[in-house]
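This report describes the structure shown below.

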Number of protein chains: 2
Amino acid sequence: MSLAAQVLDGNRLALARLLTQIENNTEAGREAINELFAYTGRAHLIGVTGAPGTGKSSLVNQLARYYRDPAQGATTHTVGIVAVDPSSPFSGGAILGDRVRMRDLAGDPGVFIRSMASRGSLGGLATTTATVVQALDAAGFEVILIETVGAGQAEVDIARLAHTTLVIEAPGLGDDIQAIKAGILEIADILVINKADRPGVEITERALRGNLDLAHPNRRLMTEFTESGHHGAPVRKEQPDNNAGYGLMWSPPILRTVATEGIGIADLGSEIERHRQYLVKTGEYKRREQTRLASELELMLQASLVRRWRSTIPDDLYQQVLEQLVDRSLSPWQAVQVLLAGDLSI
Amino acid sequence: MSLAAQVLDGNRLALARLLTQIENNTEAGREAINELFAYTGRAHLIGVTGAPGTGKSSLVNQLARYYRDPAQGATTHTVGIVAVDPSSPFSGGAILGDRVRMRDLAGDPGVFIRSMASRGSLGGLATTTATVVQALDAAGFEVILIETVGAGQAEVDIARLAHTTLVIEAPGLGDDIQAIKAGILEIADILVINKADRPGVEITERALRGNLDLAHPNRRLMTEFTESGHHGAPVRKEQPDNNAGYGLMWSPPILRTVATEGIGIADLGSEIERHRQYLVKTGEYKRREQTRLASELELMLQASLVRRWRSTIPDDLYQQVLEQLVDRSLSPWQAVQVLLAGDLSI
């Protein structure tokens, strides 16, 4: 039985082996994915991102538990968790959070957890993560939570990878955190203020709402309709105008949670489901998938082109050009020109 | 007079225009840099990085003021500041911090400040930042402070760009911040605990030291020699064994600052100078420059290869392959193969 067939058969050990093959970018891994790819496209991919200190790992934990055992007659789902740590280029920092998670969800055959570090490969992490997610998707996991730590390009890459992106905040994380929000907010489908029992939650929510209005101008109008009548509840959910249906754009709601105590998780789960339905009804679900596959193809092509080109030029030309660059007798642009022409005499 | 000649002549307006050309990746910008590149390599490039909330911008401000007006007879330097915000892919979030800075340093002709946002270009930010830094270098700025916010690949790219990398921490930034340190610490030449007047500074320093010992194993031995006699000072500087000379590796010191009050800045300035001297004496200065130029060349080549290849294949082939990918009749790997062969029938 091929590795791919074993994975389709529900063999967890085979799945773990496949993910290692994917991370090491082996021929066997590529062959298995070629075989498995036809079985992908069924999972709901949920990105979870936010600055360090917001309690993302706890929240992802709680979401996994929610999908395994949802309230009031909702359907149970199998869950894959991919925890990506792009800030850990050299060592496996993600393993720490992983162990905490394990204690909670270990032994449940409906949950599969994988941690990944970036290993310093520029762009490579996004490709590898996408392939790992495909493997979990083909293996039949219905909800896949993709978690990253940090605030940067990795978040944008996640937004491209996921159907639904959660951006997690927490009260009192410092002053200049305000400055980074505008960019991150633009990739948010749902905003979560975790640790909402901490002081400063009102300030955080006000700042978020202000920045959100900047990032999603259409949102302002909708919240004006629904601003009243929600105050005072310990965990408050902001309801965008549901009567507006799925006509216009999605207006990212702001939710409060206290993940360590499970508060607000069921509301978050409903909101994620509401977003999925919005995506499906508007055709956005399909569109996001296309964008995602296109950008994945782009990254893989790029890497392949460089590999192919590298094999065609003599090693000593590259070395000579580099020396002239260091000597300042060629500028970087000129060096590129020479290398592409394959000839130092131009 | 060419744009490049005007920049060499000290024309600030021309420099600002050039930086815009570089950011927009224009032909005029490339030509000017080709001309200016021979004048680069004189500035000391200092990277400043760390999580949001650590007060990086204030610290960079204070460092700039220090170089403009150093204590006790040290030499005055002209200063360029490049503030990069990789977490702001869509909008110019960096502008906020910039305005604060402006109030402080405006009107000093020996200071030039430039803010940059990533605009969502993968890899492109590192290349553009490198070129902007080259322009400031050629324009004669002696110290160039390159500041990024966030914790991820951008930090690693900065480490490649700078001669000296400062990693900024602050007390009490949350729990899972510990997890990200190991990776970031490996790029640190100097560690700064800013906001050192806050509670929890001892805990932060202990955590940093522990992680530092993991990241730089040779360091443990050296601190054991010098651990005693430094306790209790409000702003403490850890002195690695100076008598050891420049024989072995650099051991990253941990410094405390309160940037908003200017505390610890002069000590930090001396430590940066000590690092520069270490780099020069060991030949590491030259080596870092070579590594930096090599990785810059790499990124530019990659982008050029993709552009060149794109121009050789028919548009409709790309579209057809993409459709088959979305239909799951080709896997991503198979799609790349087809595109590289330029033929759907393989």
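What is the strand order of the open sheet of 7 strands in chain A? In this predicted model, the order is β3-β2-β4-β1-β5-β6-β7 of chain A, and the pairing is parallel. The edges of the sheet are formed by β3 (111-117) and β7 (254-256) of chain A, each of which pairs on one side only. Direction ignored, neighbouring strands are turned by 20 degrees against each other on average.

Within this sheet, strand β2 (residues 79-85) of chain A runs parallel to β3(A), and 7 bridges join the two. I81(A) stands opposite I113(A) of β3(A). Helix α4 (residues 56-68) of chain A packs on the sheet, where it touches β1 (44-50), β2, β3, β4 (143-148), β5 (164-169) and β6 (190-193) of chain A. The direction of α4 of chain A makes about 175 degrees with that of β4(A).

Chain B also has an open sheet of 7 strands, with parallel pairing and the order β3-β2-β4-β1-β5-β6-β7. Its edge strands are β3 (111-117) and β7 (254-256) of chain B, which pair on one side only. From one strand to the next, the twist averages 20 degrees. Strand β1 (residues 44-50) of chain B pairs with strand β5 (residues 164-169) of chain B in the parallel sense, over 5 bridges. L166(B) in β5(B) is the bridge partner of V48(B). Lying across β1, β2 (79-85), β3, β4 (143-148), β5 and β6 (190-193) of chain B is helix α4 (residues 56-68) of chain B, which runs at about 175 degrees to β4(B).

How do helices α2 and α3 of chain B cross, and at roughly what angle? The axes of α2 (residues 12-23) and α3 (residues 27-36) of chain B come within 7 Å and cross at roughly 115 degrees. The crossing of α2(B) past α3(B) is left-handed. From α2(B), the contact involves L18(B), Q21(B) and I22(B); from α3(B), it involves A28(B), G29(B), A32(B) and I33(B). By type, the residues of this contact comprise 5 nonpolar and 2 polar, with no charged residue.

| Residue | Phi | Loop | C-beta atoms within 10 Å |
|---|---|---|---|
| N25(A) | positive, about 55 degrees | between α2 (12-23) and α3 (27-36) of chain A | 14 other |
| R328(A) | positive, about 70 degrees | between α13 (315-326) and α14 (332-341) of chain A | 13 other |

Most residues other than glycine have a negative phi. N25(A) has a positive phi although it is not a glycine, and R328(A) likewise has a positive phi without being a glycine. Is N25(A) buried, exposed or partly exposed, and why? Because 14 other C-beta atoms lie within 10 Å, N25(A) is partly exposed. R328(A) is partly exposed because 13 other C-beta atoms lie within 10 Å.

The confidence of the prediction remains to be described. The predictor gives the complex an ipTM of 0.75 and a pTM of 0.66. For chain A the mean pLDDT is 80, and 75% of the residues reach 70 or more. Residues 175-180 of chain A have a pLDDT below 50, and this stretch has 19 contacts in the model beyond near neighbours in sequence. The pLDDT is also below 50 over residues 220-246 of chain A, a stretch with 29 contacts in the model beyond near neighbours in sequence.

Methods:
Residues numbered from 1 in each chain as written. Chains lettered and ligands numbered in written order. Predicted model: local features only at pLDDT ≥ 70, side-chain atom pairs only at ≥ 80, totals over all residues. Axes fitted to C-alpha atoms, helices over the stretch in contact; angles between N-to-C directions. Helix = DSSP H or I, 4+ residues; strand = E, 2+ residues; numbered from the N terminus. Left-handed = near helix turned anticlockwise from the far one by under 90°. Contact = placed C-beta atoms within 7 Å. Nonpolar A, V, L, I, M, F, W, Y, C, P; charged D, E, K, R; others polar. pLDDT = per-residue confidence, 0-100. Pairing = 2+ DSSP bridges. Buried ≥ 20, exposed ≤ 12 C-beta atoms within 10 Å, placed from the backbone.
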